[in-house]
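Subject: Handover of a structure and notes on its contents

Dear colleague,

Please find the structure for your study below. My notes follow it.

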Amino acid sequence: MASSFTRILSSKRNVGILSLVGGSVAAGFLLHREHVTAGEPLRRRYPASAEYPDLRKHNNCMASNLTPAIYAKLCDKATPNGYTLDQAIQTGVDNPGHPFIKTVGLVAGDEESYEVFADLLDPVIKERHNGYDPQVMKHPTDLNATKIQSGVFDERYVLSSRVRTGRSIRGLSLPPACTRAERREVERVVVDALSGLKGDLTGKYYSLTLMTEQEQQQLIDDHFLFDKPVSPLLTCAGMARDWPDARGIWHNNEKTFLIWINEEDHTRVISMEKGGNMKRVFERFCRGLKEVERLIQERGWEFMWNERLGYILTCPSNLGTGLRAGVHVKLPRLSKDPRFSKILDSLRLQKRGTGGVDTAAVGGVFDISNLDRLGQSEVQLVQTVIDGVNYLIECEKRLEKGQDIKMCSSGSNVPNTHLAGSGSVL
Amino acid sequence: MPFGNTHNNFKLNYKVDEEFPDLSKHNNHMAKVLTKEIYGKLRDKQTPSGYTLDDVIQTGIDNPGHPFIMTVGCVAGDEESYEVFKELLDPVISDRHGGYKPTDKHKTDLNFENLKGGDDLDPNYVLSSRVRTGRSIKGYTLPPHNSRGERRAIEKLAVEALTSLDGEFKGKYYPLKSMTDAEQEQLINDHFLFDKPVSPLLTCAGMARDWPDGRGIWHNDDKTFLVWGNEEDHLRVISKQKAGNMREVFRRFCVGLQKIEEIFKKHNHGFMWNEHLGYILTCPSNLGTGLRGGVHVKLPKLSTHPKFEEILTRLRLQKRGTGGVDTASVGGVFDISNADRLGSSEVEQVQLVVDGVKLMVEMEKKLEKGEAIDGMIPAQK
């Protein structure tokens, strides 16, 4: 504060400084237009206590963890690219949340955000990821699809299978903070790498700015096209800036491997197909990801990853694997059973409607996927989904026959072990 | 966004070509004016509070515009924006305000006695009269840029000033974040309550950040004088009443504004004003008087007349639906107001409304009788 004062006094004439105590009648500098020069960021500063957001009606992970002390400690810091705490938390300030759904309430503007603002991000990560402590724990990465057991579902119940994750390009800012040039560079790097994919992964890129009406219609019909974000959770974080500049969709000719560029993350990678062959979906997922990684490394780039947090993505909820593996599955009877939610919880699964997050189920068909992202590997999480969905189908079949379902207690029907730590994340 | 202006320096690592926005599908004033040359010249500049060119133009990049409505596409983050980025903003201002030149001077006239007539608009046609403007408080940054601390300081100052008013201006402040359900209901019924902006023109410029922190509504006990705090501008000042006595509405408007300004000056925070641009507001379209004086008027016949638009243009007036900008008219009732803001005074602009509406009501009456109005169509004002 004192240093900005001396700068003001030395560089301006006719400046009246009245009082600079935050709280009472506000201070002001009388800036006469003719003496204003650009360049020196003479930002009037208020003390942290005057800037601290009002979070009394808020219910998100940021609001639960941002104390005035942490705010005061971090509010003057910036990452090397200039991203600040206020920018990171803006989305959580603007979106108080919902009494039943606890959103994260903050985003990272770049890889360094997770370090510079660790005093806030570490407790948020711990809360969101079921007790995972980034200060002491290590995250396992395992993309070896051969380890998956069974994984071909009964197609009388499972209509489609899908695995998605995200990847960020190290050295470029993330969607909340990236400049237009950086975003265009992400597009260039990724599209260039994707053009090197061969065999069943051969495909084509469709830029949102250049696609024809026909291409757009086809992508809509295939359910591939993503649109400008309307959710205020994303727009308040600045992720929709400059839309649709440098945004696009790449997919292979077989339409089973799809990449979104510059939506909520640098890339979102999706492997999917109709039917119940989750094993094949995951195998293609792993193969495609490894191939893309090899191609970008050939060109001198790499993905953002570290052993503390796994793959680095924009939203802290997607750290670790960033992986959501799921199916559209018909569970008309089980879904009406009052024990349904509890069963899902114990299986570490979540349900969504078939339109994705925040939609309702239609015709008893649910989107069932893993809850966890961080602390377990990709293989572990996909196995969890496979074992869990197989169990849900068993339950549905028993209900069809008029039998009662066999309740699973933790570990009895689902072979793999879960991370210690109880309590629902939501 | 406040703080973090090292981010602008970081962008300078990239070339102009790499950072220049794609405006090929855009139709707003900013897109028509901004060239790579101008972008290159201004992109390393900042105002003293740290507002940058990319901040100014972001809303125009994110909102390409509409083929028929020409939006401005840029905002100011502080008073100095109009100076530091004048190479962009002067041509935008010229395009928006009928050729206004960088050397032109703007006349301010808030002497209501200079208004002629205006107290006799036919209440059978004119349902309500209203005058609004905005004011920015010198020494603070504007809504696209200000921080929570600054916005709260603006609110505190505004509340102190307004609650010291008395007589016909005695009133009460209702902060958005702590109003009771009953208060909220009443303010909605009075058509006073403003809501969080949903228009992307505003949200992309950062004006809805931290809502509803620091926002509120003040109105006098008579409910004829109303001030919005920290919506699109520091202050929006509104004088209104039912029926057609625009003269009285304007009197109250001028008197109230002058009283408020005196109080702010005493605190050494007068309003942002200069003799070139008049009153400084967030959107360049509101420079000058920032004044929109208008009526809700029943013109079912005239509005369907083929020359309606032409008449409005000649009278220097514009029409909106009764829900405000971008709404449709209901039951032949239109919101008719002045089109100009910069280059003519408050009195002149309200005079145009008063005279123009009077003429249009007479036209409506003629059309009711089945008579022609061709002889009444005015020359371009």
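Which residue stands opposite Thr267(A) in β5(A)? The residue is Ile261(A). Before the rest of the picture, a few words on the model are in order.

This is a predicted model, in which local features need pLDDT of at least 70 and side-chain atom pairs count only at pLDDT 80 or more, while totals for chains, interfaces and linings use all residues. Residues are numbered from 1 along each chain as its sequence is written, chains are lettered from A and ligands numbered from 1 in the order in which they are written, and side-chain values use heavy atoms, with hydrogens and water left out. The average pLDDT (the predictor's confidence in each residue, from 0 to 100) of chain B is 93, and 97% of its residues score at least 70. For the complex, the predictor gives an ipTM of 0.90 and a pTM of 0.87.

Strands and helices

Helices (H or I, at least four residues) and strands (E, at least two) are DSSP runs, numbered from the N terminus. Two strands pair if DSSP finds at least two bridges between them. Strand β5 (residues 267-274) of chain A pairs with β1(A) in the antiparallel sense over 8 bridges, and Ser160(A) stands opposite Lys274(A) in β5(A). Strand β4 (residues 257-261) of chain A also runs antiparallel to β5(A), joined to it by 5 bridges. These two strands, β4(A) and β5(A), form a hairpin with 5 residues between them, and Asn262(A) in the turn has a positive phi of about 65°.

A residue is called buried under 20% relative accessible area, exposed over 50%, and partly exposed in between (1.4 Å probe, protein chains only). In β5(A), 6 of the 8 residues are buried, so the strand is largely enclosed by the rest of the structure. In chain B, helix α5 (residues 53-62) is mostly covered, with 9 of its 10 residues buried; among them are Leu53(B), Val56(B) and Ile61(B).

Salt bridges

Over all chains there are 64 salt bridges, each a side-chain nitrogen of Lys or Arg within 4 Å of a carboxyl oxygen of Asp or Glu. In one of these, the closest N and O atoms of Arg170(A) and Glu111(A) are 2.6 Å apart. Arg170(A) lies in the loop between β1 (158-167) and α8 (180-194) of chain A and Glu111(A) in the loop between α5 (85-94) and α6 (113-116), so the pair ties together parts that are 59 residues apart in sequence. Arg170(A) is partly exposed, at 26%, whereas Glu111(A) is buried, at 17%.

Arg308(A) forms a salt bridge with Asp122(A), with 3.4 Å between the closest N and O atoms. Because Arg308(A) lies in the loop between β6 (305-306) and β7 (310-311) of chain A and Asp122(A) in helix α7 (residues 118-128), this pair ties together parts that are 186 residues apart in sequence. Asp122(A) is buried, with a relative accessible area of 5%.

Backbone details

Most residues other than glycine have a negative phi, and most peptide bonds are trans. The peptide bond from Trp243(A) to Pro244(A) is cis, with omega near 0°. Pro244(A) is in the loop between α10 (232-235) and β3 (248-252) of chain A. Ala246(A) is found in the loop between α10 and β3 of chain A; its phi is near 65°, a positive value, and Ala246(A) is buried, at 4%. In chain B, a cis peptide bond joins Trp211(B) and Pro212(B), with omega about 0°.

Yours sincerely
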